[in-house]
Amino acid sequence: MLRSVCPERLDTLPASSPDAQASRRDLRRINQLMGNRRWLERGLASQQTHDKMHLIEIGAGDGTLAKQILRNICPDTYTAVDLAPQPQDWPEQATWHQADLLTIDYQPKATHLIASLMLHHFEAPALEAIGTRIQNSNIQTILACEPCRRSIHQTQLMAGKLIGFNHVTLHDGVVSVRAGFRANELPNALNLRSDRWNYTIQETLMGAYRMIATRK
């Protein structure tokens, strides 16, 4: 399956739309089924040293992941970036930037970047631009969970009808799998050169494509 990036319906709906609210609930269930939050927390915990951990999350959505990580990992600082406005229940100890990932300068003190189901939204030129901004920052570690681009995961997604997935979720899920990654595609798209970065890739049975990249 060739990689193909197409618009997703959720991105066109107002936040107050019943379909948007249902689809966001479905996304939380999908993240749980994929084990994305648990994997990110384990990865961050393994990175904790005597040095300070300054996190930046790109594509923070409704802030659910941020609140869980703030509670369970307790980083020194947490910055979230999203096109959406700051959620009403956003934690006081964290910072929210309503901004475009392609134009924002990442926080000077950010050391760790996390992305959950975000980078697959971008085509190659935009991914290269994001990678350039990362490499020009002080970020030392990247943890990314994205869809794995295999047809079996589209079939798995269709089984979501049995547990009540919204029609927006079912449409967007198929689109997301087509836009997902395989093998070394994501580090290559971000232009994480092997002389500057070490990275590991994992593809799971539940459809997750996981990358940990650390600067040499």
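Contact means heavy atoms within 4.5 Å. The model is predicted: local features need pLDDT of at least 70, side-chain atom pairs count only at pLDDT 80 or more, and totals for chains, interfaces and linings use all residues. Residues are numbered from 1 along each chain as its sequence is written, and side-chain values use heavy atoms, without hydrogens and water.

**Helix α5**
- Helix α5 spans 151-158; helices (H or I, at least four residues) and strands (E, at least two) are DSSP runs, numbered from the N terminus.
- H153, Q154 and L157 are the buried residues of α5; buried means under 20% relative accessible area, exposed over 50%, partly exposed in between (1.4 Å probe, protein chains only).
- These residues lie on the same side of α5, because they cover an arc of only 105° around the axis.
- The arc is that of the directions from the helix axis to the C-beta atoms.
- The buried residues of α5 pack against α1 (18-34) and α6.

**Surface patch**
- L33, L162, I163 and M206 make a nonpolar surface patch of about 430 Å².
- Patch residues have over 30% relative accessible area and no salt bridge; like charges are joined within 9 Å, nonpolar side chains (Val, Leu, Ile, Met, Phe, Trp, Tyr) within 5 Å.
- A salt bridge is a side-chain nitrogen of Lys or Arg within 4 Å of a carboxyl oxygen of Asp or Glu.
- Accessible areas come from the Shrake-Rupley method with a 1.4 Å probe; for residues, only the protein chains shown count as cover.
- L162 sits in the loop between α5 and α6 (167-178).
- L162 is exposed, at 76% relative accessible area.

**Positive phi**
- A183 is not a glycine, yet its phi is positive, near 45°.
- A183 is in the loop between α6 and α7 (185-189) and is partly exposed, at 47%.
- N191, also not a glycine, has a positive phi of about 60°.
- N191 is in the loop between α7 and β6 (197-203) and is partly exposed, at 37%.
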